[in-house]
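Dear colleague,

I am handing over the structure we spoke about, and below it you will find what turned up when I went through it. Please read the notes with the model open beside you.

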Amino acid sequence: MGRMPKVHLLDYVAGNIRSLVNAIEKCGWEVEWIRSPEDVQKAEKIILPGVGHFGHCLTSLSTAGYLPAIQSHISSGKPFFGICVGLQALFTGSEEAPSVSGLNIIPTSLKRFSAENADGSKKSVPCIGWNDASTLHHDSDQNQTAALEKGRSFYGLNQRSKYYYVHSYFAPYVPGELEASGWVVATATYGDESYVGAIGKGNVFATQFHPEKSGAAGLRVIKAFLEGNIWSDPVIPSVPGTSSTAANGAPSSLAGKTDGGTNGLTRRIIACLDVRTNDQGDLVVTKGDQYDVREKSVTSTTGPGQVRNLGKPVDMARRYYEQGADEITFLNITSFRDCPITDLPMLEILRRTSETVFVPLTIGGGIRDMTDPATGKTVSALDVAKLYFASGADKVSIGSDAVLAAEEYHASGGHLTGRTSIETISAAYGAQAVVVSVDPKRVFVSSPSDTAHHTVRTAFPDADGRQHVWYACTIKGGRETRDLDVVQLCTAVQALGAGEILLNAIDRDGSNRGYDLELIDMVKAAVGVPVIASSGAGVPSHFEEVFRKTGVDAALGAGMFHRGEYTVAQVKEHLGQAGLLVRPFEEF
């Protein structure tokens with residue numbers, strides 16, 4: 001057997017590189033690391049990935065002496081592939097860091113997404129989700145390369161495919177402007193802003209989206225670059241719609257008329273796996289009713305009082321990926337008692353999952369400053385997050401520690417210390433890497449004047465007929481209630497630098513009654529970052545309801561998937577039949 005061909009990867013400590021390495025190896029290539037500017041000179045093909053801050057990326061590369069070497073590599077005609085901030089580095093500069101210059105290979109500057117469209121409708125920033133990388137706009141341009149090689153695919157990009165984007169800044173697309181300089185551009189649209197999703201000319205190719213997190217569609221893009229296949233025959237993906245499903249349970253049909261998604265993004269479906277150690281010491285996926293995960297039934301196969309065991313985390317994550325899940329979330333629901341840096345089995349779960357699952361992975365549980373019990377040394381939340389990122393995570397989810405940080409934020413009159421877990425991780429890896437998991441529960445009052453907290457008039461009064469509620473935040477897996485409401489928490493963590501809210505609802509957890517729409521509306525009105533609806537989904541129509549009746553950015557399911565009552569594919573099939581925009585299923 002011959003040796004695998006090699007591609008060189010330049011890592012400036014930019015988040016989850018493991019998934020990109022796994023994707024490259026999946027395509028049949030081997031990664032060789034660039035450790036110095038001299039290594040750049042020896043490399044034939046280079047990939048520059050990146051997440052987080054434009055200024056941090058360019059400054060890091062400049063300080064290490066890489067920028068002249070990269071310029072020389074590109075000028076020599078050798079293949080170069082930039083991903084996310086790696087794409088942004090090719091441009092002149094960015095509003096994110098006005099004093100920092102890019103490589104200026106593409107003479108355009110990056111802008112921040114507007115929080116509102118021209119019609120006044122809101123849009124979440126960061127932009128997180130699945131979107132186009134379309135070259136269809138070239139059809140009417142007579143100057144393009146033979147009408148894009150007469151309909152052929154550019155670097156494996158497909159018009160019907162969707163790709164995973166996560167960013168706050170973008171390169172605006174002006175029709176014909178970049179093409180006049182010979183660039184081939186694939187575009188995406190977020191709300192009323194059109195931007196560069198992918199771009200290429202000669203030996204240079206770059207994507208704003210993350211191909212290593214874009215499933216089979218993204219793997220094809222990576223493979224095309226590695227093999228030098230600039231032009232190829234297009235692959236037509238299957239889109240969830242009105243017909244049957246494939247053998248693996250994934251949708252196989254074409255959708256009819258669909259809506260415009262969330263400002264152009266597909267309706268994002270997330271599978272969540274609550275992971276904890278059972279009484280035998282094994283890590284299992286579990287699910288409970290209002291966070292109680294122990295069996296009640298005397299007929300249970302695991303016995304009454306035992307931790308409910310619904311399966312093995314790695315196997316279940318792979319199954320949900322194959323069914324079409326847009327993201328996978330692991331919540332380590334007992335780690336608040338332990339030290340994640342000693343939780344080697346959980347890190348191994350991430351490593352093994354990232355080998356076969358090529359969509360974003362989020363990990364939560366115990367991310368805070370702590371003391372290593374083995375050495376007695378203080379370990380920062382940032383160090384804990386680094387371990388998770390190095391093991392395959394794309395985002396970290398912070399729970400109890402975020403509540404305590406929010407309390408301090410409000411007590412100080414909105415002062416940012418720069419020392420909280422949210423602030424330190426966000427500063428290093430970008431807001432999009434920080435999710436705050438919120439666990440509120442309803443507190444009924446007779447009148448809004450009975451409390452200083454934010455209230456809502458509910459359509460579901462309590463037994464005493466009280467029609468107003470406020471949502472009290474909790475910590476330690478819902479066991480301790482704080483004098484902090486959900487609006488106070490969410491506005492604080494957004495100010496601290498969180499990029500996404502995972503909005504649970506203790507009252508709905510395990511109920512199969514659908515999402516708490518009143519809670520979701522309250523939080524969406526209060527924040528500008530994406531919000532994920534969680535807790536209560538029992539049937540596919542609950543996903544349709546939450547997308548139609550609220551402005552939520554994504555919806556999460558757990559128990560209904562774990563118990564085998566419905567598959568992710570069936571949820572997407574239902575949404576497609578209902579005319580809602582979902583990501584098509586593709587095989588690599």
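Contact is used throughout for heavy atoms within 4.5 Å. Axes are lines fitted to C-alpha atoms, for helices over the stretch in contact, and angles run from 0 to 180 degrees between N-to-C directions. Helices (H or I, at least four residues) and strands (E, at least two) are DSSP runs, numbered from the N terminus.

With those terms in place, helix 7 lies across strand 1, strand 3 (46–48), strand 4 (80–83) and strand 13 (204–207), and runs at about 155° to strand 4.

Before going further, please keep in mind that this is a predicted model, in which local features need pLDDT of at least 70 and side-chain atom pairs count only at pLDDT 80 or more, while totals for chains, interfaces and linings use all residues. Residues are numbered from 1 along each chain as its sequence is written, and side-chain values use heavy atoms, with hydrogens and water left out.

The chain as a whole

The chain holds 17 helices and 29 strands. Of its 588 residues, 59% count as buried, where buried means under 20% relative accessible area, exposed over 50% and partly exposed in between (1.4 Å probe, protein chains only). Among contacts between residues at least 6 apart in sequence, 71% join residues at least 24 apart.

The sheets

Two strands are said to pair if DSSP finds at least two bridges between them. On that basis there is an open sheet of seven strands, in the order 2-1-3-4-13-12-11 and with mixed pairing. Strand 2 (30–33) and strand 11 (184–190) stand at its edges, each with a single partner strand, so one side of each has no neighbour in the sheet. Neighbouring strands of this sheet are turned against each other by 25° on average, direction ignored. Strand 1 (residues 6–9) and strand 2 run parallel and are joined by four bridges, and leucine 9 stands opposite tryptophan 33 in strand 2.

An open sheet of three strands, also with mixed pairing, has the order 5-6-10. Its edge strands are strand 5 (91–94) and strand 10 (169–170), each of which pairs on one side only. Strand 6 (residues 106–112) and strand 10 run antiparallel and are joined by two bridges, and the bridge partner of lysine 111 in strand 10 is phenylalanine 170.

Helix packing

Two packed helices are described by the angle between their axes and the distance between the axes. Helix 1 (residues 18–26) and helix 7 (residues 215–227) pack at an angle of about 65°, with their axes 9 Å apart. They are therefore roughly perpendicular to each other, given that angles under 35 degrees count as roughly parallel, over 145 as roughly antiparallel, 65 to 115 as roughly perpendicular and the rest as oblique. On the helix 1 side the contact involves Leu20, Ala23, Ile24 and Lys26, which meet Leu219, Ile222 and Leu226 in helix 7. These residues divide into six nonpolar, no polar and one charged; here Ala, Val, Leu, Ile, Met, Phe, Trp, Tyr, Cys and Pro count as nonpolar, Asp, Glu, Lys and Arg as charged, and the others, Gly among them, as polar.

Helix 11 (residues 400–411) and helix 13 (residues 486–496) pack at about 85°, again with a stated axis separation of 9 Å, which makes helix 11 roughly perpendicular to helix 13. Residues making this contact include Tyr409 and His410 of helix 11 and Gln488 and Leu489 of helix 13.

In helix 12 (residues 421–429), the buried residues are Ser421, Ile422, Glu423, Ile425, Ser426 and Tyr429. They pack against helix 10 (381–391), strand 21 (395–398), helix 11, strand 22 (434–438) and helix 13. Just after helix 12, glycine 430 takes a positive phi of about 100°.

Backbone details

The peptide bond from valine 125 to proline 126 is cis, with omega near 10°, and proline 126 sits in the loop between strand 6 and strand 7 (127–131). Cysteine 84, a residue other than glycine, has a positive phi near 60°; it lies in the loop between strand 4 and helix 5 (85–88) and is buried, with a relative accessible area of 4%.
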